[in-house]
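Subject: Handing over the structure

Hello,

Here is the structure I promised to pass on to you. Please have a look at it first, and then read on for what turned up in it.

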Amino acid sequence: MSGVVTELTPAPTVVAALRAFATAADVLLLDSAAVGDKLGRYSFLMADPIARFEQSQPVFGVDPFAAMRTALESCTMEPLPELPPFQGGIAGCLTYELGQCWEKFPSAPIDDLRIPVLHAGLYPWVIAWDHRTGQAWIIAQDWALGEESPSSDRAAQRAQAVLDRLQSPPDDTEPVWSRNTVHEPLPTWAKPVRPNLWSDQSPDEYLRAVERVIEYIYAGDIFQANMSQRLLARSPCGPVELYEQLRTCNPAPFAGLMLADDWAIVSASPERYVQIADGVVSTRPIKGTRRRSPQPEADLFTKDSLRESDKDQAENVMIVDLLRNDLSRVCRPGTVRVPQLCEVESYATVQHLVSEVQGTLEPGRTAWDVFAATFPGGSITGAPKVRAMEIIAELERTVRGPYTGCFFYVGADGRVDSNLLIRTWVQRRGWLQCGVGGGIVAQSSAQSEYEETWHKAAAMLAALT
């Protein structure tokens, strides 16, 4: 049993390939759109999975990955090391509230979008780009469901079908998610904050929420919590067009797009959640943000200010400690380390303080064990994690859904990568919703934290125009 690899010469652009498959089922693009960034090397486009996995609500104590574990165990492949790392497997989205499968914490009171907490597919083919070399390939596997026998002919047929669609995209048809441009009434929770823009919290409400978090910190409940507001805007276009605009104005190393029935996720995330490669687990938390300046000298000053900020360093180090503890649950004792601590990285509109935590995976542990041990990510919850999530549910009005969840892939060969869904629009029923927030510590200023949410939202709002 083996796969079929077809190099695409010349390599299509990611946008052109996305357009060709825009009306296919369960389209998922995992896109390193920040080409040239040290992390922005590979992109993957897939559609038409042979199995679909979906869970509407979390159930505490029940493994949400059981069906995916079983499905992936039946898939075999011979990975080619010279090709991009994802060559077929399971990929999809986990929402923030999926964490209630492992930890008991409440939900915010309002869930108007009702996005499934898990949505994924088993993808037997992928279009993969290596942006460093400028090459692209169709990689197709011969996997089958049930009692069907794997067949090399099936892999070749899949590769040919993908090639045919790239070369001759189907005539425009209306995808299911096109109804996203039909606006339902404005949600009752929405509060106007800017022209044609609403939030689930007024400015005063957000300031009071931050002050309440600081009170919890001084009371000894927590060291840090991530507080967000949810922005709401009318959909100006479909998700593919929106993603193209976002990709242009805010390219990011862990970007992506999911088209699922009548909803979509459009992301320009700069943050990795977890990666597994060669038995090593790594995560890259972002804590600490400054708005970039168009003046080079001022931008350098901003960079130095972020690097030297005691408040931002404390915020970052707290999460590094939390993630060291999380990874120690699935890594060999003594192997968890911090190869990068509080380094400044620059993106299109902001600069971030970024660290990296790594560990060697214990024998017998899999991606699903790593997700269960670490989800939701520590950088978007707080420390201690469970108490922080209780406070988040108390002070945030709407459930987070995909925001601060993740896009992920788990290859049949065990390689894994994933992002944290920040800088992300969720589109449904004619509306776009985008969470923006930040870590609150004892030194935080409520007004500064509120302004930081708008700095993070700047590129997301630019994509709407």
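Before the first finding, one term: two strands are said to pair if DSSP finds at least two bridges between them. Please also keep in mind that this is a predicted model.

**A strand with two partners**

On one side, strand β2 (residues 27–31) runs antiparallel to β3, and four bridges join the two. One of the facing pairs here is Leu 29 with its bridge partner Leu 45 in β3. β3 also pairs with strand β7 (residues 125–130), again in the antiparallel sense and over four bridges. In that pairing, Ser 43 is opposite Trp 129 of β7.

Is β3 enclosed or open? Four of its five residues are buried, so the strand is largely enclosed by the rest of the structure.

**Aromatic rings**

Over the whole structure, the search comes up with 18 aromatic pairs. One of them is Tyr 273 with Phe 375: the ring centres are 5.9 Å apart and the planes meet at 70°, so this pair counts as edge-to-face. The cut-off behind that label is an angle over 60 degrees. Tyr 273 belongs to the loop between β13 (263–269) and β14 (275–277), while Phe 375 belongs to the loop between α8 (367–374) and β19 (382–383), so the pair ties together parts that are 102 residues apart in sequence.

Are these two residues buried or exposed? Tyr 273 has a relative accessible area of 2% and is buried. Phe 375 is likewise buried, at 2% relative accessibility. Both residues also belong to a cluster linked by ring pairs, together with Phe 65, Trp 102, Trp 368, Phe 371 and Phe 408.

Another ring to look at is that of Tyr 216. The charged end of Arg 212 sits over this ring, 4.1 Å from its centre. The charged end of Arg 387 sits over the ring of Tyr 216 as well, at 5.1 Å from the centre.

How many cavities of 30 Å³ or more does the structure hold? The search finds six. At least two residues each come from β16 (286–291), β23 (431–440) and α10 (446–462). By class, the lining of the largest cavity has five nonpolar, nine polar and six charged residues.

The second largest cavity holds about 80 Å³ of space. Among the residues that line it are Asn 250, Tyr 347, His 352, Arg 423 and Lys 456. Its lining divides into six nonpolar, three polar and two charged residues.

The largest pocket has about 480 Å³ of space. It is lined by 27 residues, with Tyr 42, Arg 272, Gln 275, Tyr 409 and Asp 417 closest to its centre. Strands β2 and β3 come back here: they are among the elements that give two or more residues to the lining, along with β12 (254–260), β14, β20 (406–411) and β21 (416–418). The lining of this pocket has 15 nonpolar, four polar and eight charged residues.

**Some backbone details**

Most residues other than glycine have a negative phi, and most peptide bonds are trans. Against that background, a few places deserve a look. The peptide bond from Thr 9 to Pro 10 is cis, with omega near -5°; Pro 10 is in the loop between β1 (4–7) and α1 (14–20). The bond from Ala 383 to Pro 384 is also cis, with omega near -10°, and Pro 384 is in the loop between β19 and α9 (385–395).

Asp 261, in the loop between β12 and β13, has a positive phi of about 55°. Asp 278 has a positive phi near 55° too, and its place is in the loop between β14 and β15 (280–283). Asp 261 is partly exposed, with a relative accessible area of 38%, whereas Asp 278 is exposed, at 81%.

Enjoy looking around!

Best wishes

Technical notes
Residues numbered from 1 in each chain as written. Predicted model: local features only at pLDDT ≥ 70, side-chain atom pairs only at ≥ 80, totals over all residues. Heavy atoms only, no water. Buried < 20%, exposed > 50% of the residue type's maximum accessible area, 1.4 Å probe, protein only. Phe/Tyr/Trp six-rings, centres within 6.5 Å; stacked < 30°, edge-to-face > 60°. Lys NZ or Arg CZ within 6 Å of the ring centre and 35° of its normal. 1 Å grid on protein atoms, 1.4 Å probe; cavity = no way out; pocket = protein on both sides within 12 Å on 5 of 7 lines; lining within 4 Å. Points joined across faces, edges and corners; volume = space filled by probe spheres on them. Nonpolar A, V, L, I, M, F, W, Y, C, P; charged D, E, K, R; others polar.
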